[in-house]
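Student: I would like to learn how to read a structure feature by feature. Can we go step by step?

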Amino acid sequence: MYFYNKITHNITGDFMYNYLLKIFNNSSDLIYKEIDNIKLIYVDSLCDSNKINDYILKAINNNKRIFLRDNITGPSVIYINDINKAIDYLYNGFALIYDDNDMLVCEVKANLYRSIDIPTSESSINGPKDCFNESILINLGLIKRRIKTNKLINVDYELGSITKNKVSILFIDGIVKKKYVRTIKKYFNKFKFNSMCEIEVLSQQFDNKNFFPTVMKTERPDTAVNALLDGKIVIIGDNTPYALILPSFLIDFINPIGDKYVKSNNVNFLKIIRFICFVLTMTLPGIYISLTNFSPETVPLKLLVSFQNGRSGVPFPSYIECVFLILLCSILRESDIRFPSSYGSSISILGALILGEAAVNANVVSPIMIIIVGITFITGLIFDSGDMIDGLRFYRFLVLLFSILFGFYGLIIACIGILVKLCSINSLGEPYLFPLSPFNKKYFSKTMIKRNKQ
């Protein structure tokens, strides 16, 4: 609808304002001003009054016979002739200025974003301390100040027919595989949701069939940059303080970017510890139940006697104890997340101590079961990704269920099933167990084993 072109010389400020007021449903923050036959319309809640005064009002007052084309300045001044485009610009923090000759928009958006802060969910002793925030421009700047090349390409989209949220796909030309870019663009072109305020919706669309995450979310710019240099695709969006990384493999969630800032000998030992924790957090309760209930002859006699002495007086079978404690720890973890950070952890620790000690004293659970479940949850907390922790929690219950029903054979069957599932998962068409299957020496050396560079 080329509204302005059709009635250029007959348009009046009141008519335009009333038309826009109708489009904005009589919004109280739609402001209209007319100075010397120059009309100004903007959304007050999205604009900075100081910028309006500096870029527009001062120019009008200092030039009584102003020509918009020559005097309006600002970080972004765009001439338009489509009222529908003007509406989009108004919603994005621009001011609409027009007279009998010209119509333009000037960027005067308010700073509605928080400042760059330190990472909270991916903290690291070494390395950079900046993190993404809710502004796509700031996030893009944090990446581009690290990769200073014209080969870094970003393709922008507006997703959501109602929200029209800006999303940007980033990749390095010459490093990324073309099929990754084609797959992502094909998906974005088919995106038909009414609303998409955060890119979490995209994460769920790419990763909605697996309990293990195949899309990495990071709040650290250095992690995103490292992924781009590895030939991956990074997706950032407005109103989202983190980036999505595709494809993402199991090894990426076990070995965080912070490893590159640690000595090789030390970090290689930590990598081994993480793999042990990955296995233990899923299988330890199942191992204990299958050994003590179905194969006690495999446990050393003194250790078995110690287990039985600890369970003396407990009225429930060991698998009831285990399920009860795992559910209790899951509840404590959820309460810790929901509570304010200033005292949430303290309350959860206090609750765990009080409930655990009271349960042991009341002979509801045994001390050895407290130890088993405690180790299970501690080994799961070494992972940064909440999606990975949730996936491990599901498979922990699966292994426990099979161990309760079939003993040690059930444990083996469940572990084989998990391995088969891992082999069947892919991310953007790449196997989830890459670089182990298929084996890739370069990526294996970068993620699994860190070597001193000569």
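Tutor: Start with the element names. Helices are DSSP runs of H or I with at least four residues, numbered from the N terminus. Take α5 as a case. Just after this helix, Gly93 has a positive phi of about 85°. Keep in mind that this is a predicted model.

Student: Which residues of helix α5 are buried?

Tutor: First the cut-off: buried means under 20% relative accessible area. In α5, which covers residues 83–91, the buried residues are Ile83, Ala86, Ile87 and Leu90.

Student: Where do the buried residues fall, seen down the axis of α5?

Tutor: The general idea comes first. An α-helix has 3.6 residues a turn, so residues three or four places apart point the same way. Now the case. Down the axis of α5, the buried residues fall within an arc of 100°, so they line one face of the helix.

Student: What separation do the C-alpha atoms of Asp44 and Leu90 have?

Tutor: They are separated by 9.8 Å, while the two residues are 46 residues apart along the chain. Asp44 belongs to the loop between β2 (38–43) and α3 (49–62). Asp44 counts as partly exposed because its relative accessibility is 40%.

Student: Is Leu428 buried or exposed?

Tutor: Leu428 has a relative accessible area of 14%, so it is buried. Leu428 is another non-glycine residue with a positive phi, near 55°. Its place is the loop between β11 (426–427) and β12.

Student: Which peptide bond at Pro247 deserves a look?

Tutor: The general idea again: most peptide bonds are trans. The bond from Leu246 to Pro247 is cis, and its omega is near -10°. Pro247 is in the loop between β10 (243–246) and α10 (250–254). Phe434 and Pro435 are also joined by a cis peptide bond, with omega about 10°. Pro435 lies in the loop between β12 (430–431) and α17 (441–447).

Student: Now helix packing. How do the axes of α11 and α16 cross?

Tutor: Read the distance, then the angle. The axes of α11 (residues 264–294) and α16 (residues 386–424) come within 8 Å and cross at roughly 25°. Angles under 35 degrees count as roughly parallel. α11 and α16 are therefore roughly parallel to each other. Their crossing is right-handed. By class, this contact has 19 nonpolar, 6 polar and 1 charged residues.

Student: How do the axes of α11 and α15 cross?

Tutor: The axes of α11 and α15 (residues 367–380) come within 7 Å, crossing at roughly 160°. Angles over 145 degrees count as roughly antiparallel. So α11 and α15 are roughly antiparallel to each other. The crossing of α11 past α15 is left-handed.

Student: What about rings: how many aromatic pairs does the count come to?

Tutor: The general idea: a pair of aromatic rings is described by the distance of the centres and the angle of the planes. Rings pair if their centres lie within 6.5 Å. By this rule the count is 16 aromatic pairs. One of them is Phe212 with Tyr395, a stacked pair at 4.9 Å centre to centre, with 15° between the planes. This pair links distant parts of the chain, 183 residues apart. Phe212 is in the loop between α8 (200–206) and β8 (216–218), and Tyr395 is in helix α16. Phe212 counts as buried at 0% relative accessibility, and Tyr395 counts as buried at 5%.

Student: What are the ring distance and plane angle for Phe439 and Phe444?

Tutor: The ring centres of Phe439 and Phe444 are 5.3 Å apart and the planes are at 50°, so the pair is tilted. Phe439 counts as exposed at 53% relative accessibility. Phe444 is buried, with a relative accessible area of 17%.

How values were computed
Residues are numbered from 1 along each chain as its sequence is written. This is a predicted model: local features need pLDDT of at least 70, side-chain atom pairs count only at pLDDT 80 or more; totals for chains, interfaces and linings use all residues. Side-chain values use heavy atoms; hydrogens and water are left out. Axes are lines fitted to C-alpha atoms, for helices over the stretch in contact, and angles run from 0 to 180 degrees between N-to-C directions. Helices (H or I, at least four residues) and strands (E, at least two) are DSSP runs, numbered from the N terminus. Angles under 35 degrees count as roughly parallel, over 145 as roughly antiparallel, 65 to 115 as roughly perpendicular and the rest as oblique. A crossing is left-handed if the near helix is turned anticlockwise from the far one by less than a right angle, and right-handed if clockwise. Ala, Val, Leu, Ile, Met, Phe, Trp, Tyr, Cys and Pro count as nonpolar, Asp, Glu, Lys and Arg as charged, and the others, Gly among them, as polar. Buried means under 20% relative accessible area, exposed over 50%, partly exposed in between (1.4 Å probe, protein chains only). The arc is that of the directions from the helix axis to the C-beta atoms. Rings of Phe, Tyr and Trp (its six-membered ring) pair if their centres lie within 6.5 Å; planes under 30 degrees apart count as stacked, over 60 as edge-to-face and the rest as tilted.
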